Amino acid sequence: MTLTELKYIVAVARERHFGRAAEACFVSQPTLSVAIRKLEEELGVVLFERGGAEVGITPIGLRVVAQAQRVLEEGANLREIARQGHDPLAGPLRVGVIYTIGPYLLPRLVPTQIASTPQMPLVLQENYTARLLELLRQGEIDCAIVALPLPDAGLAVQPLYDEPFYVAVPKSHPWATRKEIDASALKDETMLLLGSGHCFRDQVLEVCPEFSRFSAASEGIQRTFEGSSLETIRHMVAAGIGVTVLPASSLAVAGKENELLAFIPFKRPVPDRRVVLVWRKSFPRAAAIDALIAAIHACELPGVRYLDEPSVAAEPA
C-alpha cells in the first residue's frame, strides 16, 4: 500500500470515472486501474463498482476512501512540519479562491504578499466552493478564500471582510441616476445571473428570490440570462441586455465598459456577503496563515469592511 495508490482511489471516488481520475493524477488510465486493482487485492475487498457509466463506491469503499483522505492529509502535514522546523514562512502556500473573489482580490494580494513575505510564494487555484473544500480536506491545497455559508464544518475559519452588493445598470437605464434601490424592484427587470455552482448566484437569489423560478424554467429566458463569470455579465449589462448585482470589490476593475455602467447602492438592509479564510485545523504553518491574513487586510479592497485580524499562531492548538 502506497500513498500514490491512496491518491488514486480518492481521485476515482471524487470523479466517479477512471479516465477523469487518471487525468487528474497525470497518469494513464491503465496505470491507475492496475494500481487500484492491486490495492483491492491487497486489502481483500472491492472498493468500486465498475461497469456503469459512472463508477460506484461500495460501502466498504466509502470507509476506505475516507481513511485514505485522512492519511493523505497527515502525509501533507508531515512535510509541512519538517518545513516549519526551518521556517514556517519558507516555501509555497497553496491557496484556493472562489471565482467571484479571485479577479478582484488577487491583483492586490499577490504584490502585497511578495512585498511582505517574498520567501512564501502563493500557489493559486480558482474553483467553486465545494471543490475547494474537497481539495482542502485532501491536502491538495493549504487554505481557501470563500464566502459564507459553508456547506460543511470541521475547518478553522477566520472572517476577513464583509462586502456589500450593488446593482449594476446601463447608464441609459432609468435607474442610473438613483441614489439607492430597494431589492424588491429587481423583480421587474431582466436579471443577469451567474450559472449554477457559483455561491454568489445563490446569494443574489436570496436578495430577489422571485428569480429562482424563472432561472429554473425554460420560459424564464425572457426574465433571466446566465453568464460564466462576473466579467462576462458586466459586459452584458454594458450592452444593455439587463441588470445585475455585483460585489463591491468588483466595481473598481478598470475597463471601458465601466464607463457605460452605473452602480447603485441598495436600501437598508443592504445585502452583503462575508468572505472568510478556511484551513485544516491540523495545518502546522500557523505563521503562514497569519501572514496571508495580514496581506489580505493590507490589500485595502474598495467598499469592503475589514474584520478583526487575530493571530492564529498565538491561539492555543
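This report covers the aromatic pairs and the nonpolar cores of a predicted model.

**Aromatic pairs**

The model has 4 aromatic pairs. Two of them are set out here.

| Pair | Centre to centre | Angle between planes | Type |
|---|---|---|---|
| Phe18 and Phe48 | 6.1 Å | 80° | edge-to-face |
| Phe165 and Phe200 | 5.1 Å | 75° | edge-to-face |

Planes over 60 degrees apart count as edge-to-face. The planes of Phe18 and Phe48 stand at 80°, so this pair is edge-to-face.

What does the pair of Phe18 and Phe48 tie together? Phe18 lies in helix H2 (residues 18–25) and Phe48 in strand E1 (residues 48–49), so the pair links parts that are 30 residues apart in sequence.

Phe165 sits in strand E6 (residues 155–170), and Phe200 sits in helix H7 (residues 199–207). Their pair therefore ties together parts that are 35 residues apart in sequence. Buried means under 20% relative accessible area. Phe165 has 1%, so Phe165 is buried. Phe200 has 2%, so Phe200 is buried too.

**Nonpolar cores**

In soluble globular proteins, nonpolar side chains tend to be buried together. Here the largest nonpolar core holds 42 residues. Which of them touch the most other members? They are Leu93, Leu109, Ile145, Leu277 and Leu292.

Several elements give two or more residues to this core, including strand E3 (93–98), helix H5 (102–116) and helix H10 (286–297). H10 gives the most, with 7 residues.

Take Leu292. Leaving aside residues up to four places away in sequence, Leu292 touches Leu93, Val95, Leu109, Leu122, Cys143 and Leu277.

A second, separate core has 31 residues. Among them are Tyr104, Ala185, Leu246 and Leu251.

Definitions and conventions: Residues are numbered from 1 along each chain as its sequence is written. This is a predicted model: local features need pLDDT of at least 70, side-chain atom pairs count only at pLDDT 80 or more; totals for chains, interfaces and linings use all residues. Side-chain values use heavy atoms; hydrogens and water are left out. Rings of Phe, Tyr and Trp (its six-membered ring) pair if their centres lie within 6.5 Å; planes under 30 degrees apart count as stacked, over 60 as edge-to-face and the rest as tilted. Helices (H or I, at least four residues) and strands (E, at least two) are DSSP runs, numbered from the N terminus. Buried means under 20% relative accessible area, exposed over 50%, partly exposed in between (1.4 Å probe, protein chains only). A nonpolar core is a set of buried Ala, Val, Leu, Ile, Met, Phe, Trp, Tyr and Cys residues joined through side-chain atoms within 4.5 Å. Contact means heavy atoms within 4.5 Å.
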